[in-house]
Amino acid sequence: MIAYQKILELIYSAIDELNAGNGDVSVTKEESTPLFGAASVLDSVDLVNLLLSVEELLEDELDIEFVIANEKALSQKNSPFKTIATLAQYLTEEINSL
Amino acid sequence: MNNANLNSVVLITGASRGIGLYLTQYYLDKGYCVVGCSRSESTVSHTNYSHHCLDVSDEKAVKTLFSTIRKARKRLDILINNAGIASMNHALLTPLATVEKVFSTNVFASFLFCREAVKLMRKNGYGRIVNFSTVAVPFALEGEAIYAASKSAVESLTKILAKEFAEFGVTVNALGPTPILTDLIKNIPDDKLDKLLEKQSIKRFGKMTDVSNAIDFYIQPESEFITGQVLYLGGA
């Protein structure tokens with residue numbers, strides 16, 4: 001069982017990586033931080049890079065191979081990519097059901 | 001051996017025979033680290049070569065392959081999406097299962113490898129992807145409806161991915177070879193091949209060196225402004 005908090009830490013590590021690599025973007029490490037939409041500081045490429053970094057960290061830290069942008073994630077009425085909290089919640093549920 | 005290539009990693013699909021096997025040897029000789037994959041084992045034995053047996057359209061297996069490359073090599077510079085199968089038959093004699101198989105290998109697998117390759121290439125903000133089309137697309141050859149349709153899809157994929165991957169520093173191009181004497185065309189009657197060669201500007205079979213020459217052009221660092229292109233050999 002992978003805890004929500006552990007997933008949140010991985011997302012925060014990915015945000016550190018994104019912030020370090022992109023001088024224009026500074027994403028706040030809070031659960032309410034929006035990841036896309038008008039209120040988000042991320043553009044589409046930043047979001048892709050963030051999700052891919054989370055994928056890599058899932059592999060490196062937890063030995064889990066998981067494609068985040070899968071059919072289920074993209075077809076949900078409420079996007080799991082809306083905020084850091086919704087992403088962490090979605091990943092926790094999906095990974096624990098593998 | 002060119003020492004400048006020593007750290008560059010090339011992934012070649014369909015590496016165990018035909019053009020894929022030739023390109024594997026060719027880029028090993030040029031000093032690249034080559035990772036090959038195919039359904040069958042490889043005969044290549046080289047310190048800079050690793051081979052992975054898999055079905056290129058199996059998403060889980062492909063994901064595992066890229067995970068292995070990332071952990072072992074930490075990078076990927078070039079993807080040569082060579083794996084492909086042909087179906088040469090009249091449309092009325094082509095089962096749907098064949099259509100699905102051709103599209104699965106030629107289109108779905110090409111997409112899968114492009115997608116996973118860019119995940120690795122974005123790290124260095126650099127990458128070269130070469131997909132495989134065919135002269136059967138511009139020639140609209142009878143008896144090759146499914147094969148040509150699948151390669152048309154590869155061409156569209158190439159042009160659109162070129163746009164989507166540009167911001168990651170990755171170019172995506174395609175090469176359309178003429179018939180080359182490999183297993184892929186071994187069942188085509190000679191008269192059909194002669195008629196095909198007649199359509200080309202330069203009327204001869206393609207050579208392996210024609211293919212590697214065009215790929216060398218696409219993958220050289222100076223070709224950073226060349227993307228979304230399809231290059232047909234022989235003057236199609």
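This is a predicted model: local features need pLDDT of at least 70, side-chain atom pairs count only at pLDDT 80 or more; totals for chains, interfaces and linings use all residues.
1. Although B:Ala140 is not a glycine, its phi is positive, at about 45 degrees.

2. B:Lys74 likewise is not a glycine and has a positive phi, in this case of about 65 degrees. Its place is the loop between helix H2 (59-73) and strand S4 (78-81) of chain B, and with a relative accessible area of 63% B:Lys74 counts as exposed, because that value lies over 50%.

3. Turning to the interface, 14 residues of chain A are in contact with 13 residues of chain B, and the two chains bury about 1,200 Å² between them, with 41% of that area on carbon and sulfur atoms. Of the area that chain A buries against chain B, A:Glu56, A:Glu59 and A:Glu65 supply 41%, which is more than any other three residues.

4. Eight salt bridges are counted between chain A and chain B, one of them joining B:Lys123 to A:Glu17, whose closest N and O atoms are 3.0 Å apart. There are also ten residue pairs in polar contact between these chains, both residues of each pair being at pLDDT 80 or more.

5. On the side of chain A that touches chain B, helix H2 (residues 44-62) of chain A provides the largest share, with nine residues. By type, the residues on this side of chain A comprise seven charged, five nonpolar and two polar.

How values were computed:
Residues are numbered from 1 along each chain as its sequence is written. Chains are lettered from A and ligands numbered from 1 in the order in which they are written. Side-chain values use heavy atoms; hydrogens and water are left out. Helices (H or I, at least four residues) and strands (E, at least two) are DSSP runs, numbered from the N terminus. Buried means under 20% relative accessible area, exposed over 50%, partly exposed in between (1.4 Å probe, protein chains only). Contact means heavy atoms within 4.5 Å. Buried area is the accessible area (1.4 Å probe) that two parts lose on being put together, summed over both. A salt bridge is a side-chain nitrogen of Lys or Arg within 4 Å of a carboxyl oxygen of Asp or Glu. A polar contact is a pair of N or O atoms within 3.5 Å; within protein, one must be able to donate a hydrogen and the other to accept it, and residues adjacent in sequence count only if both atoms are side-chain atoms. Ala, Val, Leu, Ile, Met, Phe, Trp, Tyr, Cys and Pro count as nonpolar, Asp, Glu, Lys and Arg as charged, and the others, Gly among them, as polar.
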